[in-house]
Amino acid sequence: MAFEDFLEEIHVMGSNLLEKVKELIHEGNVRRIIIKDESGHTIVEIPVTWAALGVVAAPVLAAVGAISALVTKCTIVVERHGEPKPS
């Protein structure tokens, strides 16, 4: 089976946003994280290859923490590399 990039959407409450983003950054197959508000507008896009370096991760996580204080519900779109999970 061929590996390819695919998207996954995760709906979270603002209070759980920072914890979920930290969890996703530590996974090995995540390429990009996109955070959208309730109406579907993109708030921030995070290229995880940069965030995983550690130097960039602290400011990115601080920004995500600030966003989580402003939104009540949001969607995390995760771009992954690998086999899609069966539905």
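Me: Which strand is Glu79 in?
Reply: Glu79 sits in strand β4, residues 73-82. Strands are DSSP runs of E, at least two residues, and helices are runs of H or I, at least four, numbered from the N terminus. This is a predicted model, where local features need pLDDT of at least 70 and side-chain atom pairs count only at pLDDT 80 or more, while totals for chains, interfaces and linings use all residues. Residues are numbered from 1 along each chain as its sequence is written, and side-chain values use heavy atoms, without hydrogens and water.

Me: Is Glu79 buried or exposed?
Reply: Glu79 counts as buried because its relative accessibility is 15%. Buried is under 20% relative accessible area, exposed over 50%, partly exposed in between (1.4 Å probe, protein chains only).

Me: What does the Glu79 side chain make a polar contact with?
Reply: The side chain of Arg32, at 2.5 Å. A polar contact is a pair of N or O atoms within 3.5 Å; within protein, one must be able to donate a hydrogen and the other to accept it, and residues adjacent in sequence count only if both atoms are side-chain atoms.

Me: And Thr75, where is that?
Reply: Thr75 is in strand β4. Thr75 counts as buried because its relative accessibility is 12%. Its side chain has a polar contact of 3.1 Å with the side chain of His11.

Me: Where is confidence lowest in the chain?
Reply: In helix α2 (residues 48-51), with a mean pLDDT of 65, while strand β2 (residues 30-36) is highest at 91. pLDDT is the predictor's confidence in each residue, from 0 to 100. Where pLDDT is low, the predicted coordinates should not be read in detail.
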